Protein chains: 2
Amino acid sequence: MEATLKFIEENKERFLEELKDYLRIPSISAKEENKKDMLKCAQFVVSKLKDAGVKKTKIYKTKGHPIVYGEWLGAKGAQTVLIYGHYDVQPPEPLELWKTPPFEPDIRDGQIYARGANDNKGQNFVHIKSVEAQMKTMGKLPVNVKFVIEGEEEVGSENLTNFIKEHKAMLKCDAVLISDTSLYAPGVPTINYGLRGLTYMEIEVTGPNRDLHSGSFGGAIANPINELAKIIASFHDKNGKVKIPNFYKDVKKITKAEKENIKALRFSDKKFAKEYGVRELQGEKGYSTLERLWTRPTLDCNGIYGGYTGEGAKTVLPSKATAKVSMRLVPDQDPKKIAKEFTKYVKAIAPKSVRVSVKEMHGGHPVAFPLDDPAIQAGAKAVGKAFGKKTVFTREGGSIPIVVDFRKILNAPVVLMGLGLDTDDIHSPNEHFSIDSFYKGIYSSVYFMEEFSKK
Amino acid sequence: MEATLKFIEENKERFLEELKDYLRIPSISAKEENKKDMLKCAQFVVSKLKDAGVKKTKIYKTKGHPIVYGEWLGAKGAQTVLIYGHYDVQPPEPLELWKTPPFEPDIRDGQIYARGANDNKGQNFVHIKSVEAQMKTMGKLPVNVKFVIEGEEEVGSENLTNFIKEHKAMLKCDAVLISDTSLYAPGVPTINYGLRGLTYMEIEVTGPNRDLHSGSFGGAIANPINELAKIIASFHDKNGKVKIPNFYKDVKKITKAEKENIKALRFSDKKFAKEYGVRELQGEKGYSTLERLWTRPTLDCNGIYGGYTGEGAKTVLPSKATAKVSMRLVPDQDPKKIAKEFTKYVKAIAPKSVRVSVKEMHGGHPVAFPLDDPAIQAGAKAVGKAFGKKTVFTREGGSIPIVVDFRKILNAPVVLMGLGLDTDDIHSPNEHFSIDSFYKGIYSSVYFMEEFSKK
């Protein structure tokens, strides 16, 4: 182990130079014109895996961009870790806002600036370098390792689920390791162990069979905007609880340990409110902000439209009004069941004076791993050791569909070992990644394999 | 009188031919390219007034299109009637939906088809022909007559209010006579004696200072769409009454005579609901449909928008949501006072977690004339005689701002002697006007002057 750590220390400069090479390839998955760069980038990943000692590699073609696979299975009888990442990046536009060109990596103030520096090249490269350091010093790894580095994450990972299903046996593992999220705060080692799910619905309320003059008809014909507003207003009670029957039925209570962990994070409501320009936060009564965001299901209107939406005034009593409504779900809520309860509720409360149609747009399962899961614990110990601080456990209010896929199809826990920061401008101009986090990520990966092998 | 009636009978064909000439001029006020046609049309009206014996005429220039004025004041000591109409028409588009070209009048099934046939050339021409018939047979009229035929009604009558104010003395009269509305039903003589007013507001609710991800922030930051929906939902109580404090304070109760008149109209809720494709009507409890539409104030959302309104799903917690809300007013509600109460109410109920701005867009006063006003009574007798049936009294849920102007500035009652039908497709392709109504309108106008002179 000591030799490995020394190797990393001595090769930092080279690792960074190699990351720069990786970042110079404009692997923009959304653009047809970068198709050749995508293949070039996949080949770059393969060559780096081979350099690291992962000799068995393959580029899998898909309907979209190729998936890079590599495996080293020399640790007979030991645990197997699947490392996921993506080599594709977001388009860099608007170009004029970049201080240095997006595909010419630049080092400033301890950060490396380039498209993909954080999301996700910088974060997946740490694991390749970790394997290299171990292989070159010990000639082996304490665990078996499988790499899946895809090229379509930024365009919806359309072909990944099928790939996992089709190669279920090949991808069999005891844990999935992903570095594609953020630290709770700069320098704070973080393991994310839960993501909310989603049920996304569209409600359309139809009143009269055509747009009417609100003077000539107002007061006698129900107004679909007013009725839609009543439906939306009826989604929450005065304590911020969602009123849809059975909405909370399958919600698992969080454990005492989780509650304490959240409390220990000392989240500042005041700072949060200030950052987003609101005078006061608002949510379900009886829960702290992080509990609301991470562990409680919620309902939000994502869009609404109806009637006249242009400049000035038009006195129309519109025929239709539409709202998009999504619910964030937590374990063990089921997106399909929630969609059904939602539809039933909306149809039941709408008056006979209007017609209501409810459409299910899409959904995703929530996921949360037990804090005491060995993989989660190994992850926590690893980052704690690398960063030299106590690891914090977080969850995330959003969804990462592939995490659910890995968990469901491979039946393995997923360790979200995020190394970025929310302020790293991923998807924006001047994306960057802390060089310190890059190095600490390599150590974290080495420690994780070590810790996880102890099972 | 008999000679006059006989003259009308004998000149029907010619009157219709002259109306066709009037309709052939494409006096589209909204289009720059028709500016010359507008002047040509104003000159046509002048020539017809002169033919009718109204020798003193003048074309008043405005910042927009000219106003035609004409007067015959030979009935010394008698009442004075101001006849208002407009010679401009709506654009005819979409042209491909017209069965015959919009400016080539065509007679089919007892109707004359052309843009402006009903709105308003056909309806104002009856009064010119009525004057002609009386002048050519009796050499005089029983009342003094003033004509104001404007050219900007279809673009908002922008210059008319100032014209009335500036020529208040010249326009002094005992009643204003306007044929620019509809019969209650085909063949049913109708006098409209009231119009609702308007207060039009815009509400903007602002939550976070930028659009946020609804997964990462939903449940902790107030959603402006949900909050706007709550505000809108709180405008009505469960009986359909508007909950804004003092909203009904200045509402004048309708008289027993008015109530009975409405009842006598035997309005069919079932037919109305079917026509507009709703299963059930909806409105303020304790009032019939026509009472709600004509005599009760109402509140309607005219437009709403916020967040993602495109195809599919986007999980945004938007920064802003906006609604346009209008209230229809009845005597003696004041648009400014209502706007103030509305603003106060909305600001008071919004939670501290969002910011709310309320803007007054525009407003208009309601108006209703007493059923026993001599001008209203003279109008009722006149149309009853011409159509050979009992006249019905109606009000209208919408607003006609010029009616309020005439009443306020000239302090005169306005007789709305509508001759069209709601099914005449004004503002749409194939606008038409019943030739029978055109002729009956001429008789109505003659009878009105006769009746009104009796005071």
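## Ground rules

Helices here are DSSP runs of H or I with at least four residues, strands are runs of E with at least two, and both are numbered from the N terminus. This is a predicted model, where local features need pLDDT of at least 70, side-chain atom pairs count only at pLDDT 80 or more, and totals for chains, interfaces and linings use all residues. Residues are numbered from 1 along each chain as its sequence is written, while chains are lettered from A and ligands numbered from 1 in the order in which they are written.

Just past H3(A), Gly139(A) takes a positive phi of about 75°. As for H3(A), 15 of its 18 residues are buried (20 or more other C-beta atoms within 10 Å of the residue's own, with C-beta atoms placed from the backbone).

## How the two chains meet

The same surface serves both copies, as 100% of chain A's contact residues recur in chain B (contact: C-beta atoms, placed from the backbone, within 7 Å).

Each side has its share: 66 residues from chain A and 66 residues from chain B. On the chain A side, E11(A) gives the most, with 9 residues.

## Strand to strand

E11(A) and E11(B) pair in the antiparallel sense over 5 bridges (pairing takes at least two DSSP bridges). One bridge partner to look up: Gly307(A) goes with Gly303(B) in E11(B).

Methods
Contact = placed C-beta atoms within 7 Å. Buried ≥ 20, exposed ≤ 12 C-beta atoms within 10 Å, placed from the backbone.
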